[in-house]
Amino acid sequence: AGRDFHNFNTFFRDNAIYRVVAFTATQIPDIAGRMYPEELAGALYPNGIPIIEEERLEEVIRTHDVRVVVFSYSDTPHEHVMHLASRSLAAGADFMLLSPQSTQVSATKPVVSICAVRTGCGKSQTGRRVVSILSGWGHRVVVLRHPMPYGDLAKQAVQRFATLEDLDRHRCTIEEREEYEPHITAGAVVYAGVDYAAITRQAQEEADIIIWEGGNNDFPFLKTDLMITIVDPLRPGHEMEYHPGETCLRMADVVLVNKVDTADFAGIQEVRASARAANPRAVIVDAASPVFVDHPEQLVGARALVIEDGPTVTHGSMAYGAGAVVAQKHGAVLVDPRPYAVGSIARTFAKYPHLERVLPAMGYSDEQMQELKQTIEATSCDVVISATPIDVGGLLRLARPVMRVRYELQEIGSPTLEDVLVRFKPTA
């Protein structure tokens, strides 16, 4: 529902050399069993294209005499990519990776891209900082966000979000709201959807500068004038171990080392050395992402249920996030939510056994959001701490109060993001 649809749209949709027989699905619930609709698939696919479970890969290769498997996921260990390659080769199909040059869309306005080597490195706060700088210089800034189309795909081809009411109108999931709402609150327009050629054509009409804000660790869908890639010293080594995060590192004009306030010195040195070795031309910027909460004195000795950003602590492999940092900093005791989890939330804990003391904010559907609400309200605790960028308490209409964690990017030393963005500063 992201890179795979984009690869199809830009490379395969009108390419009569190929016939695409299926998309495979993993990670995102309730995608398999649906169709990529004919309205988006184009004239070569009047009946649309089925979306199937990845576990059926060999079956589909055999049934349709598939000659090529195109890997189109992100935030995947290099080893896992090659396991899928081995499965494809053994079943008789070639294995392909499409490059940025084969899939990127051109815009008529300058593009600044925010990418990362893993989910949860800090793209959101970096994007907000970049938007703030460019807007402060008088630019009309429009954010193009990596796709999260989990609903009616045909209706989601091009989505524009300028008000919080637009989030309700488009029936946005929790994950979508986490990414869009902070930009909207700050006054920026956000575009997302499925067809990024059409999205770009519309967005560039109201922008002086376009910000591409990536998802997971994917590389940009748009040709880019300045690419910022974030590395995480809390996960040193991951910058060279995950696809396509290593590609983002090697492509970057700027490597931003985030979380230097919470990482140890060895981790910071390791990611800096990786960046220099993989991409010696890149400028390195150091930054912190300090976390804040109102009335921290209320956390002393309290039993806290911590809600973290879902992707960061699930497929991002982090055992904790900003919420746990705040809780422990101010003397709270983290409650284990697993005994209280219901439905798909319980299945999420089973799939990601490294999660013990935090609750991922899963909400890919109305049903899952209700299961998240049931889990929160069933958990025995004194206080709920939410480190998602949205008002989870208000969205889910929770009966209990929620303490919200805020985090923003702060550059440390020089160069700063203003220094690397100065080429876009208007001349007097």
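Trainee: Which orientation do H6 and H8 have to each other?
Mentor: This is a predicted model in which local features need pLDDT of at least 70 and side-chain atom pairs count only at pLDDT 80 or more, while totals for chains, interfaces and linings use all residues. Residues are numbered from 1 along each chain as its sequence is written, and side-chain values use heavy atoms, leaving out hydrogens and water. The axes (lines fitted to C-alpha atoms, for helices over the stretch in contact, with angles from 0 to 180 degrees between N-to-C directions) of helix H6 (residues 123-136) and helix H8 (residues 174-185) come within 11 Å and cross at roughly 20°. Angles under 35 degrees count as roughly parallel, over 145 as roughly antiparallel, 65 to 115 as roughly perpendicular and the rest as oblique, and H6 and H8 are therefore roughly parallel.

Trainee: Which residues of H8 make the contact with H6?
Mentor: Contact means heavy atoms within 4.5 Å, and helices here are DSSP runs of H or I with at least four residues, whereas strands are runs of E with at least two, numbered from the N terminus. On the H6 side the contact is made by Ser124, Gly127, Arg128 and Val131. The partners in H8 are Glu179, Pro182 and His183.

Trainee: Which residues of H4 does H3 meet?
Mentor: The axes of helix H3 (residues 57-64) and helix H4 (residues 78-91) come within 10 Å and cross at roughly 30°, so H3 and H4 are roughly parallel to each other. From H3, the residues Leu57, Glu58 and Ile61 meet, in H4, Leu84, Arg87, Ser88 and Ala91.

Trainee: What is the average twist from one strand to the next in the sheet of nine strands?
Mentor: That open sheet has mixed pairing and the order E9-E10-E8-E11-E7-E12-E14-E15-E22, where two strands pair if DSSP finds at least two bridges between them. Its edge strands, each pairing on one side only, are E9 (158-161) and E22 (410-412). From one strand to the next, the twist averages 25°.

Trainee: Which residue in E11 stands opposite leucine 144?
Mentor: Strand E8 (residues 141-145) pairs with strand E11 (residues 209-213) in the parallel sense over five bridges. Opposite leucine 144, the residue in E11 is tryptophan 212.

Trainee: Which residue in E3 stands opposite methionine 35?
Mentor: The sheet of three strands is open and mixed, in the order E1-E3-E2, with E1 (23-25) and E2 (35-36) as its edge strands. E2 runs antiparallel to strand E3 (residues 49-53), to which two bridges join it. Opposite methionine 35, the residue in E3 is proline 50.
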